[in-house]
Amino acid sequence: MHRAFRKTIYLILVIVLLNACASSAPTQHLPKITFSHLQVFKFDVAKVEIENRYTSPLKEPHIEHLMPTAPDKALEQWLRDRFQAVGQVGSLRLIIEDARAIKTSLPLNKTLKGRLTKQQSQRYDMALRATLHMFDEKGKTISTASARAERSITAREDISLNDREKLWFDSINLLMSDFNNSMEVSIQSYLSRWLLEPSRSGKPK
């Protein structure tokens with residue numbers, strides 16, 4: 001009887017400890033990266049398309065598949081939020097050429113001074129490169145506009161999983177802001193002929 005009672009108490013303690021460990025690091029819910037607050041590009045084309053030519057290796061040092069929002073997924077959302085087809089013929093296609101995110105381990109100071117400080121142990125390098133292709137009704141490329149952006153950031157050796165994901169999330173936002181600004185300049189230089197008056201509402205067809 002006493003043995004059964006002790007086993008019951010032991011199981012209760014184990015369950016309580018496991019629940020405590022699980023609740024100590026709650027899962028965070030990061031918002032979706034969107035660009036609906038920016039002006040919409042209305043193009044005189046029949047459709048807007050996207051072609052993703054970047055394939056993640058899905059293994060280190062690549063970390064795209066581990067991120068809350070991968071660079072290519074953010075770029076796809078950017079196209080959906082910012083571009084609208086309002087014409088009858090032709091098409092505009094965004095071709096993603098590079099959307100990498102790579103982790104690099106940094107050397108640590110092994111001296112006593114180094115061991116007494118929290119050091120930067122990881123560097124994350126992210127890059128985007130894509131080109132907008134304007135096609136006529138026969139599918140011939142008649143103009144292009146390109147942009148690229150790169151960001152690097154480091155993380156301390158004691159960073160938590162939640163903080164790391166938030167760091168990645170913020171970095172992708174900054175990367176997309178850089179890309180967006182670069183592409184806006186390129187669009188005005190090479191695709192303005194097909195660009196209609198921008199608006200703050202509407203979605204691509």
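## A walk through the fold

The protein has 4 helices and 7 strands. The model is a predicted one. Read from the N terminus, the elements run α-β-β-α-β-β-β-α-β-β-α. The protein counts 205 residues, and 37% of them are buried. Among contacts with a separation of 6 or more, 79% join residues 24 or more positions apart.

Start with a pair of helices. Two packed helices are described by the angle between their axes and the distance between the axes. Helix α2 spans residues 71–82, and helix α4 spans residues 161–190. Their axes come within 11 Å and cross at roughly 50°. An angle between 35 and 65 degrees counts as oblique, so α2 is oblique to α4. The crossing is right-handed.

Which residues make the contact? From α2 come Pro71, Ala74, Leu75, Trp78 and Arg82. From α4 come Ile172, Leu175, Met176, Phe179, Asn180, Met183 and Glu184. Of these contact residues, 9 are nonpolar, 1 is polar and 2 are charged.

Now turn to the largest nonpolar core. This core holds 43 residues. Phe43, Trp78, Phe83, Leu132 and Phe179 touch the most other members. Elements giving two or more residues are β1 (41–43), α2, β3 (83–85), β4 (91–98), β6 (120–135), β7 (141–156) and α4. The most come from α4, which gives 9 residues. Trp78 and Phe179 also belong to the contact between α2 and α4.

Finally, look at Leu132. Leaving aside residues up to four places away in sequence, Leu132 touches Leu79, Phe83, Leu92, Arg93, Leu94, Ser143, Thr144, Ala145, Met183, Ile187 and Leu191.

Terms used. Residues numbered from 1 in each chain as written. Predicted model: local features only at pLDDT ≥ 70, side-chain atom pairs only at ≥ 80, totals over all residues. Heavy atoms only, no water. Axes fitted to C-alpha atoms, helices over the stretch in contact; angles between N-to-C directions. Parallel < 35°, antiparallel > 145°, perpendicular 65-115°, else oblique. Left-handed = near helix turned anticlockwise from the far one by under 90°. Contact = heavy atoms within 4.5 Å. Nonpolar A, V, L, I, M, F, W, Y, C, P; charged D, E, K, R; others polar. Core = buried A, V, L, I, M, F, W, Y, C linked by side-chain atoms within 4.5 Å. Buried < 20%, exposed > 50% of the residue type's maximum accessible area, 1.4 Å probe, protein only.
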